[in-house]
Amino acid sequence: MPTPAASSRPSRARLALTTTLVALALAATGCGGTATPAGKPAHSASAAPDRVEPLSPSPAPVLPVTVSSFDGARVTVASADRVVPLTGSLNEIVHTLGLGEQVVARDITATFEQAARLPVVTRGHDVSAESVLSLRPTLVLAETTSGPGEAVQQIRDAGIPVLVVAPAKSLEDVPKRIDAVAAALGVKDAGTQLNQRTADRIASVRKGIPAASGKKPRVAFLYLRGTASVYLLGGSDSGAASLLEAAGAVDTGKDSGLGKDFTPITSEALAAAAPDAILVMSKGLESVGGVDGLVKIPGVAQTPAGMDRRVLTVDDGVLLNYGPRTDQVLSSLITQLYGKGA
C-alpha cells in the first residue's frame with residue numbers, strides 16, 4: 001500500500017488520537033437531508049426537507065421474536081412499544097419502517113424532523129445508561145461503536161433487550177441493516193417492503209449516470225474538523241468508496257491503495273490521488289472556513305479539484321448512513337458530478 005513520505009508519516013500515538021477524534025466528531029455531527037453544493041461545483045443540487053418517508057400503513061409487530069445480535073448474543077424481544085435507537089442511522093430505519101411512534105429517544109445525530117424533539121441519550125457514541133433506563137425501553141438498538149461497553153452492559157443487566165447491528169460500510173449493507181432492525185421489531189415483511197423500495201429508488205437514481213464517454217471522475221473524500229485540527233483523507237474503508245463507485249466515480253483514496261478508513265492528509269498523498277473533485281461533509285467544510293479555507297490545506301490547491309475549486313458537499317450523518325435515504329445521497333452526488341440533466 002503506498003504511504004506518504006516517512007518525514008510526514010504520523011506516529012502511532014498521533015494516529016490513535018486521530019482515530020478517536022474522527023469517531024467523536026462523526027458522532028457529534030447532525031443528520032441532514034440531501035447533499036447541497038458548496039464552493040464552485042460543476043452543478044447545483046436542491047436540498048430536500050429533512051424528513052424520512054415512513055411506510056404506510058404502519059406495520060403491526062408480531063412478537064415475541066428471538067434474533068441474533070452482531071456481538072454474538074441471542075436477543076429475545078417481547079415488545080416494541082418503547083424503542084431506543086442509539087445512532088441516528090438506526091433511528092432513521094425504525095421511523096421509515098413506520099414505527100416512529102414507538103421511538104422514545106434519539107442519538108444526537110438523529111435530527112430529521114420526526115425525531116428532532118426526542119430526548120437525547122447518546123452523544124459522540126457515549127451512551128448514558130441512566131438516561132436510557134429512565135425511559136423504560138423495551139428494546140435498545142445499538143451499533144458496534146455504541147459505548148462505553150460498561151454502559152451497554154448495564155442496560156442489558158437491567159433486563160433490557162439490546163440488539164447490536166453491524167456497522168455500515170457499503171451499499172450492500174443497506175438491506176442487511178434494514179432486515180436486522182425489522183426482524184427485531186417483529187415486522188419482517190415491512191423490512192422486505194422497505195428494502196424493495198430502497199433498492200428500486202437507488203436503481204432509478206443510477207440510471208441518471210451519463211454513459212461512459214471517457215475517464216471516470218476521480219473524487220477524494222476528505223474528513224475535516226478544523227476546530228480539532230483533524231484533516232483526513234478517506235481510504236478504502238472510509239465508507240465513501242461504495243457511494244462514489246455507485247455514482248460512476250472513482251474513490252481516489254481507495255484507488256491509491258489507502259487501505260485504512262482515514263489517514264492524515266499530506267501533499268504527497270493528495271498529489272498521488274489527483275482528484276477531479278473533493279467530497280466533504282457540510283459541517284466539515286464549514287469548520288475550515290468554506291472552500292477558501294479548504295484550498296489552504298497543504299496540497300489541496302495543487303490538485304485538479306483544488307485548482308477548479310470543485311467541491312461536493314453532503315450533510316453530515318446522511319452521507320454514510322447507508323439506509324432508506326441513500327438514494328437521495330446518490331442523487332445529489334450524481335447531480336453535483338454530472339449536472340441536473342444527468
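Arginine 51 and glutamate 113 form a salt bridge whose closest N and O atoms are 2.6 Å apart; the term denotes a side-chain nitrogen of Lys or Arg within 4 Å of a carboxyl oxygen of Asp or Glu. Arginine 51 lies in the loop between β1 (38-39) and β2 (65-68), and glutamate 113 in the loop between β5 and β6, so the pair ties together parts that are 62 residues apart in sequence. Helices (H or I, at least four residues) and strands (E, at least two) are taken from DSSP runs and numbered from the N terminus. The structure is a predicted model, in which local features need pLDDT of at least 70 and side-chain atom pairs count only at pLDDT 80 or more, while totals for chains, interfaces and linings use all residues. Residues are numbered from 1 along each chain as its sequence is written, and side-chain values use heavy atoms, with hydrogens and water left out.

Both partners of this pair can be described by their accessibility. A residue is called buried under 20% relative accessible area, exposed over 50%, and partly exposed in between (1.4 Å probe, protein chains only). On this scale arginine 51 is partly exposed at 37%, and glutamate 113 is partly exposed at 49%.

By the rule given above, the model contains 13 salt bridges. Side chains of opposite charge can pair when their charged atoms come close. Another of these pairs consists of glutamate 53 and arginine 197, with the closest N and O atoms 3.8 Å apart. This pair links distant parts of the chain, since glutamate 53 belongs to the loop between β1 and β2 and arginine 197 to helix α6, 144 residues away. Glutamate 53 is partly exposed, with a relative accessible area of 42%, whereas arginine 197 is buried, with a value of 17%.

The surroundings of arginine 197 deserve attention. Helix α6 spans residues 188-206. Leaving aside neighbours within four places in sequence, arginine 197 is in contact with Glu53, Pro54, Leu55 and Thr96, where contact means heavy atoms within 4.5 Å. Of these, Thr96 is one of the buried residues of helix α2.

Helix α2 (residues 88-99) is mostly covered, with 12 of its 12 residues buried. Among them are Gly88, Leu90, Glu92, Ile93, Val94, His95 and Leu97. The elements that cover these buried residues include the strands β4 (83-85), β5, β8 (139-143) and β9 (162-165), together with the helices α5 (173-185) and α6.

Strand β5, which is among the elements covering α2, also belongs to an open sheet of three strands in the order β5-β6-β7, with mixed pairing. In this sheet β5 (106-107) and β7 (126-127) stand at the edges, each with a single partner strand, so one side of each is left without a neighbour in the sheet. Two strands are said to pair if DSSP finds at least two bridges between them. Strands β5 and β6 (residues 120-123) run parallel and are joined by two bridges. Within this pairing, aspartate 107 stands opposite threonine 122 in β6.

A further salt bridge connects lysine 215 with aspartate 276, the closest N and O atoms being 3.8 Å apart. It too links distant parts of the chain: lysine 215 is in the loop between α6 and β10 (218-225), and aspartate 276 in the loop between α9 (267-273) and β14 (277-281), 61 residues apart. Lysine 215 is exposed, at 66% relative accessible area, while aspartate 276 counts as buried at 17%. Elsewhere, salt bridges that share partners join Asp50, Glu92 and Arg325 into one network.

The peptide bond from serine 56 to proline 57 is cis, with omega near 0°, and proline 57 is placed in the loop between β1 and β2. A cis peptide bond also joins leucine 63 and proline 64, with omega of about 10°; proline 64 is likewise in the loop between β1 and β2.

Positive phi angles occur at two residues described here. Arginine 309, although not a glycine, has a positive phi of about 50°; it lies in the loop between α12 (304-308) and β15 (310-314) and is partly exposed at 27%. Tyrosine 322, also not a glycine, has a positive phi of about 50°. Tyrosine 322 is located in the loop between β15 and α13 (326-338) and is buried, with a relative accessible area of 1%.
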